[in-house]
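Morning, everyone. Please have a look at the screen, and then I will go through how the two chains meet.

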Number of protein chains: 2
Amino acid sequence: MAFDTLIQKIKGTNNVTVAGLDPKLDYIPAFIKNAAYEQYGKTLMGAAEALFRFNKGLIDALSGIVPAVKPQCAYYEMYGWPGVKAFYDTVAYAKSKGMYVIADGKRNDIGSTMECYARAFLGETAVEDETFTAFGADALTVNGYLGTDGIAPLLSICKQSDKGIFVLVKTSNPSSGELQDQHIADETVFEKMGTLCEQWGAQAMGASGYSAVGAVVGATYPEQLKLLRQKLPHTFFLVPGYGAQGGAAKDVAGAFDQNGMGAVVNSSRAIMCAYQKGGYDEKDYAQAARDEAIRMRDEINAYRG
Amino acid sequence: MAFDTLIQKIKGTNNVTVAGLDPKLDYIPAFIKNAAYEQYGKTLMGAAEALFRFNKGLIDALSGIVPAVKPQCAYYEMYGWPGVKAFYDTVAYAKSKGMYVIADGKRNDIGSTMECYARAFLGETAVEDETFTAFGADALTVNGYLGTDGIAPLLSICKQSDKGIFVLVKTSNPSSGELQDQHIADETVFEKMGTLCEQWGAQAMGASGYSAVGAVVGATYPEQLKLLRQKLPHTFFLVPGYGAQGGAAKDVAGAFDQNGMGAVVNSSRAIMCAYQKGGYDEKDYAQAARDEAIRMRDEINAYRG
């Protein structure tokens, strides 16, 4: 239930890192792109094939080292439906390698529409008497601006099966404060959103003490991260902003509970593009990613007690 | 620029209705589903084919009557990548019939990730030296919780080409007030979001006096709709919640400016499922939709002076 499976995988790898799979063509070694273009041309299908081949190599190299991957929908949707097929293939391949998959779609809507997103990313889709898996991720990032009507349809799927959501609370970007830091009575908008996460989560608690309703809290705001860890004892955190966006290992220290659990930390570019930093042939991009993931694991583990 | 094209199409049809294309299998006549299943089986591809055939009939019947359609991404994503292909085909077909297309994806992210969504839905995607259209809509609904970092990447595409966005301001659902009605100093969260829309839009003004940054404001909150129309003179409104969700024609009256412009009103189920209300054979579902769209046009026109 809830994030119990994720927590198991964290324990199994002794690693709280999530590898973000946000592949841009610029990140992908030429030998992969050329092979994909040979097969499908310099088209959306060719690009999508390159994305999937790149991801496959990363997943092979990272499985056993990182517990989870987080493909970001935008990088796939940019390549139209062939890109979305590459997203599906990526999720399925990561799952087949035993990884936990967080679909980073930041979806939001209400009622029966939100139920469709819940089915798409976390549940199953019926076509008459048959059921199919549309994308089949383990968790989905969502935006809570619409309130309970946007979250309730996810909770029913989270309760039926072993799934979770991460609600945007305090995002890692410079302008996140424009709305999120504003004060509502004696708390900020992001604290209010965090409180809602605790309320929503109370209906879907896991054995770990964390509910199925997690929160996105940026590594770039370490004070707020520490504050929220204290205020939201049942809310598991997904922490973006480490590495390329400026968050350091010491900045994420406040995300963890007294057992060093309660959060996963995402790194996308630093892992995907590790080979571009020098010292690696592009053919060894996956080995480079693995080396960076190990370095990051050890760096963060030093801060989670 | 901005919503000038949409406004032209509103004038051309004398209609402010947007037909929501949120097709569920339950809404689709059996003769369409059976033909699709014969071709592709009772599979995600079969369902996706049924969705597209259903939409095609609606678009044929509605073009010339309604200025715009609004396919809602969730209903397509539920059928995986074949569903997303049906979304693409629907957008392209509606455009080929001269309709304005609002992709209802409520997307949100930051920086280069948001730029990918902007390219996916409103812009173009490069694969080496070639450019492709991923989805090719005219406007996209977005969620502004992340602030300017989530909107700026869209603005640059809106300025380059004739595109627009609708930011969630006051949504139509019962629980929208949980966050949106909270007070930040002397205004509500939704008023603050509205003010941000005016600020963002100032960079991308159209000839009509409306900017490329519109707002989603629900028909179910007529007082707030009237208030926002006054506070946000350059912000074009997309008004959901009419019909099935309980908003009546008199409730949307406050959305319009003194020229009867400044807003479009969405109806999904009442148009799509008009044939289910009786008096129609299922073969005539498209005619039923057209009749309902005409009825709705006349009903709303009576309130927009």
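How much area do chain A and chain B bury between them? About 5,700 Å², with 62% of it on carbon and sulfur atoms. Buried area here is the accessible area, with a 1.4 Å probe, that two parts lose on being put together, summed over both.

Before I go on, this is a predicted model: local features need pLDDT of at least 70, side-chain atom pairs count only at pLDDT 80 or more, and totals for chains, interfaces and linings use all residues. Residues are numbered from 1 along each chain as its sequence is written, chains are lettered from A and ligands numbered from 1 in the order in which they are written, and side-chain values use heavy atoms, leaving out hydrogens and water.

Now the contact, meaning heavy atoms within 4.5 Å. Chain A puts in 71 residues, and chain B puts in 71 residues.

Next, the salt bridges, where a side-chain nitrogen of Lys or Arg lies within 4 Å of a carboxyl oxygen of Asp or Glu. The rule finds four across the interface of chain A and chain B. One of them joins K106(A) to D109(B), with the closest N and O atoms 2.7 Å apart.

Last, the symmetry. Copies are superposed by least squares on the C-alpha atoms of residues with pLDDT of at least 70 in both. Chain A goes onto chain B by a rotation of 180° with 0.0 Å of shift along the axis, at an RMSD of 0.0 Å. That is how a two-fold axis relates two copies. In chain A, I184(A) has the C-alpha nearest the axis, 2.5 Å from it. Both copies use the same surface, as 100% of the contact residues of chain A recur in chain B.
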